[in-house]
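Below are my entries, in the order in which I looked things up.

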Amino acid sequence: MIVVAGGTGTLGTRLVPRLAGAGLPVRVLTRDPARARPLAGPGVEVVRGDVRDAASVVRALHGAGTVISAVHGFAGPGGVSPASVDRAGNANLIDAGARAAAAFVLVSVVGASPGHPIGLFRAKHAAEETLRASGIPWTIVQATAFMETWATIMSQPLQASGKILVYGRGDNPVNFVSAADVAALTALAVTDPGLRGRVLALGGPDNLTFNELAAIVQETTGRRGTVRHIPRPALHAVAWLTAAIQPALARQARAALAMDTLDMTYDPTPTRQAFPDLPETDIRLALKDLLEGDRRERKA
Ligand SMILES: NC(=O)c1ccc[n+]([C@@H]2O[C@H](COP(=O)([O-])OP(=O)(O)OC[C@H]3O[C@@H](n4cnc5c(N)ncnc54)[C@H](OP(=O)(O)O)[C@@H]3O)[C@@H](O)[C@H]2O)c1
């Protein structure tokens, strides 16, 4: 049994059908089983659990042969944070995985390190260290920014109000990878025992600035909008003023500043050469798939 924590997310909804389609039994751990409804099908079970609640994690991992952590607490419902989900929640998953004598695949980020300016990257590094020290068989999949996540963040306000928000100057190149490609690598990490003890880092074909991404989103949606920049001083002010009252907003402002200033480029060649059969999804294709998925959802 493969237990997928985060099976309902952008990556998880591409990963679970891939595993189940290969005839592997999958159990999705979610805080809200209603969110897993679109994943229903042969070979897919759903269990309620919260990675911050160790007892619920132990119950969810009963009989697991492999555990995949595709969760994060950077944003999203339920008052999550990188400290409670990526650090402590992953520690709960790893501990329960060890009790079940399961193998563990951790989805992390390219650049995870103890001194990184983005808190999520520090928490992911802590999870990687906990996993390495756990003694259970492990594989770490690190990914760059997901095209689907960032294109959605840009296209939703474009569709709703004709505006696109760009945080900061938007001229810093960032590597974007498709969540579909990361799902393919994660599935491989599950099924190939030869990949135990390895860190597999995946990026996409393009390093793009947010200004370039804004142009691609307009071109693909066929809708032109006004690009509004949130200046860096405004992001600094939000990060500072909301730290105590709205920590998630402050976290997002700090991360936006970091993404506007740090080297976020990545050369995916080594992993691409090692796994030549992995899909390499182009950003325009990923966006088209996303828009078609949205249309199907609206019709249903
Ligand atoms: N998005 C990116 O740009 C990006 C880039 C690199 C790496 N990654 C990594 O890829 C993985 C998947 O990210 P994503 O963007 O696909 O995520 P996402 O779409 O934002 O979804 C977040 C997932 O985390 C789960 N989750 C959050 N808090 C939880 C909790 N307390 N207990 C149980 N589940 C919890 C949610 O499940 P429920 O809401 O159903 O409980 C949901 O499935 C993460 O490890 C992330 O760090 C993402």
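I looked up alanine 5 and found its bridge partner in β2, leucine 29. The model is predicted: local features need pLDDT of at least 70, side-chain atom pairs count only at pLDDT 80 or more, and totals for chains, interfaces and linings use all residues. Residues are numbered from 1 along each chain as its sequence is written.

**Sheet.** I went on to the two strands. Strand β1 (residues 2-5) and strand β2 (residues 26-30) run parallel and are joined by four bridges. My strands (E, at least two residues) and helices (H or I, at least four) are DSSP runs, numbered from the N terminus. I then traced the whole sheet. Seven strands make an open sheet, ordered β3-β2-β1-β4-β5-β6-β10, with parallel pairing. I count two strands as paired if DSSP finds at least two bridges between them. β3 (44-48) and β10 (198-202) are the edge strands, each pairing on one side only. Neighbouring strands are turned by 20° against each other on average, direction ignored. I noted that α3 packs on this sheet and touches β1, β4 (66-69) and β5. The direction of α3 makes about 175° with that of β4. Such axes are lines fitted to C-alpha atoms, for helices over the stretch in contact, and angles run from 0 to 180 degrees between N-to-C directions.

**Core.** Which residues touch the most other members of the largest nonpolar core? I found Val3, Val4, Ala5, Leu61, Phe104, Val141 and Val182, out of 85 residues. Helix α6 (residues 179-191) gives the most to this core, nine residues. A nonpolar core is a set of buried Ala, Val, Leu, Ile, Met, Phe, Trp, Tyr and Cys residues joined through C-beta atoms within 7 Å. Buried means 20 or more other C-beta atoms within 10 Å of a residue's own, exposed means 12 or fewer, and partly exposed lies in between; C-beta atoms are placed from the backbone.

I checked valine 3. Leaving aside neighbours within four places in sequence, valine 3 is in contact (C-beta atoms, placed from the backbone, within 7 Å) with Arg27, Leu29, Ala60, Leu61, Ala64 and Val67.

**Threonine 226.** I found threonine 226 in strand β12 (residues 226-230). Is threonine 226 buried or exposed? Threonine 226 is exposed, because 10 other C-beta atoms lie within 10 Å. Beyond neighbours within four places in sequence, threonine 226 is in contact with Gly162 and Lys163. The C-alpha atoms of threonine 226 and isoleucine 164 are separated by 6.1 Å, though 62 residues apart along the chain.

How values were computed: Two residues are in contact if their C-beta atoms, placed from the backbone, lie within 7 Å.
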